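Please examine the complex displayed here, and keep its per-residue confidence in view while reading.

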Amino acid sequence: MSTVSYPMADTATMLRRNLRHALRYPGLSLGALGMPVVMILLFGLVFGDTFSAGLGGANGGFDYIDFLTPGILLMSIASGTMSPAVAACMDMTEGIVARFRTMAIFRPAVLTGHVLGNVILTIVSLALVVGFALLIGFRPNASFGDWLLASGLLIALTVALTWFAIALGLTSKTPEGASNVVLPISLLLPFLSNTFIPLESMPSGIRWFAEYQPFTPIIDTLRHLLLGTPMDNGDGWVSLAWCLAIAVVGYFWSQKNYNKGTVA
Amino acid sequence: MSSLAIDVRGLRKSYGDKLVLDGIDLNVAEGTIFSLLGPNGAGKTTAVQILSTLIAADAGEIRVAGHDLHQNPEEVRAAIGVTGQFSAVDGLLTGRENLIMMADLHHVGRQVGRRRADELLEQFDLVEAGQKMAMTYSGGMKRRLDLAMTLVGSPRIIFLDEPTTGLDPRSRHNMWLLIRQLVADGVTVLLTTQYLDEADQLADQIAVLDHGRLVAQGTPEQLKRLVPGGHIRLRFTAPEEFALAAQVLPSAAQNEESLVLQVPSDGSVHTLRSLLARIDDASLEVDELTVHTPDLDDVFFAVTGQPTHDTTDEKVTSK
Ligand SMILES: Nc1ncnc2c1ncn2[C@@H]1O[C@H](COP(=O)(O)OP(=O)(O)OP(=O)(O)O)[C@@H](O)[C@H]1O
Ligand SMILES: [Mg+2]
């Protein structure tokens, strides 16, 4: 083999391409940035008191905004997976990716570019949510190390979910279809979790789902890191295992979809 | 004898039940232009997509640039450049950004990449458009940008799928010049086209593809010899004139009912001029003169016994 592969350089080129797209066609990205901010303001300010009263202190004696913020952070990550899934699917319908596939470039670069672009966008989105949460009364009680661990966990989840969403998006022939197939990730997971109310106050069917889906242990871990709430011993590891599993499945599945029908 | 840039044996591909390529053999010598000629749906694009590693073949031995395509697709990709039938530019990037992106993917370095991009913008008459998003380009501009992007990496083997379809006559002519220039520099070109005249103008070798099978292969001269078609058609109004002309032009095929003579001709100005001279010398009154050059349709008729489509267009040069 005389062809040298340039994984870093090619991925950086693809990342530049995607960031340019985000700037040229900001609708999708602005939507992804704005939605979680609206959620934190809506639930933090408008519905917060009602929810809190209904729970009658079941949220562990914390302000509702403290209880809410970790879940909204995950919601930002989840809703942010829509745009890379649609963008990757749209890419496949266009000639430019056919061109990339006939070139000697690092194969995973095209999709990795989408993932990295989305990680950057999601970090901005998370920072905005934390900023607005602080404005309306979020008072975390965390050391620098806790923040670091929390950030690491959030980024790991972003990487994992984005790969998975892209794999789902690539199963669809049209961009519209792609936005539908990722709905379970971007809507179901955040809403059917302990984002808004604790598990104990959920009807049993939904509670069962919420208990065993990945978001709940991750939210518990984040609450523990940021607020010092108690959590099950294994939750941190369960969270990491979920991220790793979702990332691995998402990565290989999306590569498989990307290379479908071509000479590998 | 130079070595083969593309060597294909027994290439087969089906989509479901539909057999698209039915055991194709192709040999393209280095530094030559090879044209795959065929009507809509013949399998031209499919063949190009397979040879350029975009889709996998069902069967067949394929070597491109000396590398086995199944074993070493990356080596093949490093040697080729592809301009597909459909636009492969990034519409949300400007023309210049598209070219720089290609340069980055060829790892030529920032300075060299920018210089190469600007040279190509100049060469393809896209300097002004270079700062605009490619999705705002006209079809012809996109086509030129597309080809410019293919050339960024200076590939040794270039695949062009219908490179001139949709181009105006001037751009089409420029494209021909450019393809000739590439080959003069030692590049091998495989192009597909629906036009015999284009293949005739450019190609060293032509293969005629029909329903996934190669029905004829050879130099443009060899192919045209398969075609009986080239002739000059003379129509008369008066039967006496027709009879006189038939005497003056004994080689012509006669149709007494319609008062038409068909004089065999290769379509060159020289034979046309000498025919006109003979008409003048005999003071013949010709009502209408048309030149018929063999086209894809004639070649098809000759090699398959079937026309490609049912329109027969004739080139009327004088009346
Ligand atoms: N992805 C596909 N799925 C199913 N059938 C296909 C596919 N791609 C091509 N075909 C079929 O294969 C045949 C050959 O198509 P191809 O695009 O190679 O023709 P072509 O010679 O390039 O035609 P054109 O001049 O119209 O570009 C057609 O009958 C087409 O319907
Ligand atoms: Mg085609």
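The following paragraphs treat confidence, then the interface, then the ligand site.

The structure is a predicted model, and the predictor assigns the complex an ipTM of 0.87 and a pTM of 0.84. For chain A the average pLDDT is 89, with 94% of the residues scoring at least 70. Within the elements of chain A, the lowest mean pLDDT, 68, belongs to helix α3 (residues 48–55), and the highest, 96, to helix α8 (residues 144–170). Chain B has a mean pLDDT of 88, and 92% of its residues reach 70 or more. In chain B, helix α3 (residues 95–105) has the highest confidence, at a mean of 97, whereas strand β15 (residues 315–318) has the lowest, at 37. Over residues 309–319 of chain B, pLDDT stays under 50, and the model has 15 contacts beyond four places in sequence for this segment. The coordinates of that segment should be read with these values in mind.

The interface comes next. Chain A contributes 29 residues to the contact and chain B contributes 34 residues. Between the two chains an area of about 2,700 Å² is buried, and carbon and sulfur atoms account for 60% of this area. On the side of chain A, the residues that lose the most area to chain B are Arg99(A), Thr102(A) and Val263(A), which together make up 26% of what that side buries.

Which polar and charged pairings cross this interface? There are 13 residue pairs in polar contact, both residues having pLDDT 80 or more, and five salt bridges are found between chain A and chain B. A salt bridge joins the side chains of Arg99(A) and Asp146(B), with an N to O distance of 2.3 Å.

As for the elements behind the contact, α1 (7–24) and α6 (95–101) of chain A each supply at least two residues of the side that touches chain B. The largest share of that side, nine residues, is provided by α1(A). By residue class, the side of chain A that touches chain B comprises 13 nonpolar, eight polar and eight charged residues.

Finally, there is the surroundings of ligand 1. Of the 14 residues around ligand 1, those that come nearest are Lys18(B), Gly41(B), Lys44(B), Thr45(B) and Thr46(B). Thr45(B) also places a polar side-chain atom 2.6 Å from an oxygen atom of the ligand. A polar side-chain atom of Gln85(B) lies 2.8 Å from an oxygen atom of ligand 1, and for Asn40(B) the corresponding distance is 3.0 Å.

Notes
Residues numbered from 1 in each chain as written. Chains lettered and ligands numbered in written order. Heavy atoms only, no water. Contact = heavy atoms within 4.5 Å. Buried area = accessible area lost by both parts, 1.4 Å probe. Salt bridge = Lys/Arg side-chain N within 4 Å of Asp/Glu carboxyl O. Polar contact = N/O pair within 3.5 Å; in protein donor to acceptor, adjacent residues only side chain to side chain. Helix = DSSP H or I, 4+ residues; strand = E, 2+ residues; numbered from the N terminus. Nonpolar A, V, L, I, M, F, W, Y, C, P; charged D, E, K, R; others polar. pLDDT = per-residue confidence, 0-100. Near = heavy atom within 4 Å.
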